Amino acid sequence: MPEVIARELTFGEAIREALAEEMRRDSRVVILGEDVAEAGTPFKVLAGLVQEFGPERVVDTPISEAGFTGIGVGAAMTGLRPVVDIMFGDFITLTMDQMANQAAKVHYMSGGMWKVPMVMRTTLGATRRSAAQHSQSLHAWFCHIPGLKVIMPSTPYDVKGLLKAAIRDDNPVIVFEDKMMYKLKGPVPVEEYTIPIGKADIKRAGEDITIVATSSMVQVALGAAVMLEEIGISAEVVDPRTLWPLDEHTLVESAKKTSRAIVIDEGYARYGTTAELASVIVEGAFFHLDQPVARMGAMHVPIPFSPPLEDATVPTERSVFDVARALCSKR
Amino acid sequence: MTIATDPSETDIDVGRRLRMYRQMVSIRAFEEQVNQLYLRALMPGLAHLYSGEEAVAVGICEALGADDYITSTHRGHGHCLAKGAAPDRMFAELLGKAAGYCHGKGGSMHIADAATGNLGANAIVGGSIAIATGAAFSSKYLHNNRVSVCFFGEGALGQGVLYESMNMAQLWRLPVIYVCENNFYNEYTHFSETTAGEILGRPAAFGVHAECVDGQDVDAVYTAAARLVHRARRGEGPAFLLCNTYRYTGHHVGDINREYYRSKQEEQQWVTERDPLKHAADRLIAGGIVDRAEIDRLHAEINAEMEKAVEFAVSTPYPGVEEVEQDVYA
């Protein structure tokens with residue numbers, strides 16, 4: 001076997017490479033958003049794209065999230081494949097009519113006549129000391145609306161393959177990126193690839209307990225799994241990767257195998273992603289479960305600014321470890 | 001800001017004038033049938049009639065090509081017909097039938113027609129403004145010379161997305177025309193109670209070329225539209241056309257007792273003195289283009305056509321229940 005030379009990219013670099021490849025491949029792909037061109041976004045994720053593709057394709061917009069999202073919808077309906085950049089996930093609230101009432105419904109309401117091949121990229125995640133309006137994880141809002149797809153990549157490899165698939169998808173797809181993860185490094189092949197939307201990934205195989213984790217919580221789950229291993233508990237970490245469509249089969253089969261499950265997600269637990277995923281597991285694996293499915297998400301509070309308060313709002317390796325150990329100690 | 005040129009100064013050919021008149025009569029007849037369908041309890045839900053406002057849709061769409069885009073509103077039947085949709089498939093959509101433009105899934109407020117560039121009617125007031133602007137963004141990017149027309153009522157002047165969209169349209173010189181149909185009532189409230197300042201001052205603030213036209217005069221609307229479409233195609237950017245018009249019926253077919261928000265006298269005055277069909281017919285007769293008998297024949301012909309279209313819609317089947325989950329995703 002030839003030796004494979006691993007190449008590492010950061011999460012942010014993988015996003016940039018995905019966009020650049022798709023923009024080279026398809027002239028209909030354009031980027032719209034605040035400070036996307038010369039600034040390359042506050043996270044510098046898009047740095048260099050305007051130099052290669054020009055300001056006609058990497059378009060700095062006014063601070064008008066509803067307006068430019070809607071322009072993205074209209075442009076998608078009429079021949080382009082826009083990638084709309086919403087700087088902070090908290091700002092999706094401003095785009096809700098365009099996404100929930102327009103983008104999500106155009107195909108269905110028109111009997112399949114008009115399509116909206118649009119991607120919205122935005123962020124999630126707390127612990128950046130950005131307070132209540134720049135720290136939320138609101139992906140569940142979009143998961144609730146039929147007609148939208150929601151993807152939650154957790155590694156540089158996944159974000160590149162999923163973003164490329166999203167750009168090629170004929171539906172509105174929202175990509176949530178954990179802003180704490182932009183500097184995370186991981187292997188990304190040089191060869192082109194895409195990852196199908198709707199396929200979970202087992203990030204770590206195990207026997208005793210299933211930890212289903214999304215986006216920012218995947219690294220937390222993997223950290224907890226290492227701690228659990230030290231006390232003799234083998235944890236399987238399952239990353240759904242896409243929340244809708246959802247690979248229910250992989251979640252259910254893992255829970256059937258281990259007979260215990262925790263679901264972790266950085267969104268609010270109440271009426272949130274963890275509720276849906278736990279319900280899928282319970283419905284599909286009920287007779288195989290030894291314990292109730294545990295849910296861990298953000299506390300039901302606005303994200304506070306003060307560091308010790310903010311840190312208390314989201315699951316940590318330690319808190320996941322504690323819950324897993326408790327579940328596994330019960331017979 | 002300029003006022004549209006006097007239509008008497010324009011030279012609209014006879015064929016076009018007859019076509020526009022015919023189209024206005026069709027829209028009026030269509031809406032009368034819709035009201036009958038409601039009264040006969042054959043139509044699920046409600047519908048918002050365009051009667052009284054025909055000259056706006058017809059004058060604007062007459063200035064557009066088949067490839068040009070429109071977006072429409074909850075009061076959208078007139079826009080769809082004027083852009084070229086067929087009455088039978090529209091009635092079928094209104095009745096929720098499989099033969100409707102959207103397989104019955106959209107209904108009165110969501111009719112779309114890709115073949116005529118109709119991106120769809122919209123039940124969110126102002127909901128299609130950014131979409132129309134996005135279509136213009138595509139046209140400019142793809143250099144395909146298409147113009148996008150966004151119809152909206154004066155009620156949408158209250159929506160922020162209008163101002164966000166006009167700002168970007170002007171910054172980027174997009175070929176989009178914002179057609180504000182001022183029928184004076186935001187549902188059940190007179191627009192003067194909801195709208196501060198001068199309407200034309202709003203587009204003007206963004207540097208968007210703005211005009212006002214008599215929305216009851218189809219020749220005037222067409223003349224203004226033709227000029228603005230031409231301007232947009234030349235790359236001179238967006239425009240805003242304020243069309244003052246009047247909604248003959250209630251907010252929707254079920255809005256019967258309206259005296260708490262407008263008088264019968266006011267309604268009657270618009271119908272008798274400002275009717276766009278009567279105005280156009282009088283002008284055609286005065287110009288010696290047609291006589292009264294020909295006008296009557298045309299009305300009879302169109303009424304028969306609409307009755308036939310309704311019959312088709314009533315008799316054509318509903319979609320199968322298995323279709324409920326189809327087309328959620330492309």
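**Reading the pockets of a predicted model**

By class, twelve nonpolar, four polar and one charged residues make up the lining of the largest pocket. The model is predicted.

Reader: How is empty space found at all? What volume does the largest pocket have?

Author: Rolling a probe the size of a water molecule over the atoms shows where empty space is left. In this structure, the largest pocket has a volume of about 390 Å³.

Reader: How many residues line the largest pocket, and which lie nearest its centre?

Author: The lining holds 17 residues. Nearest the centre are Ala140(A), Cys143(A), His144(A), Trp244(A) and Glu276(A). Two or more lining residues come from each of helix H6 (139–143), strand S12 (242–244) and helix H10 (273–285) of chain A. H10(A) contributes the most, with five residues.

Reader: What is the volume of the second largest pocket, and which residues lie nearest its centre?

Author: The volume is about 340 Å³. Of the 26 residues that line the second largest pocket, His74(B), Val125(B), Gly153(B), Gly155(B) and Ala156(B) lie nearest its centre.

Reader: Which strands of chain B supply at least two residues of that lining, and how does the lining divide by class?

Author: They are strand S3 (148–153) and strand S5 (185–186) of chain B. S3(B) gives the most, with three residues. By class, the lining of the second largest pocket has seven nonpolar, 13 polar and six charged residues.

Conventions. Residues numbered from 1 in each chain as written. Chains lettered and ligands numbered in written order. Predicted model: local features only at pLDDT ≥ 70, side-chain atom pairs only at ≥ 80, totals over all residues. Heavy atoms only, no water. 1 Å grid on protein atoms, 1.4 Å probe; cavity = no way out; pocket = protein on both sides within 12 Å on 5 of 7 lines; lining within 4 Å. Points joined across faces, edges and corners; volume = space filled by probe spheres on them. Helix = DSSP H or I, 4+ residues; strand = E, 2+ residues; numbered from the N terminus. Nonpolar A, V, L, I, M, F, W, Y, C, P; charged D, E, K, R; others polar.
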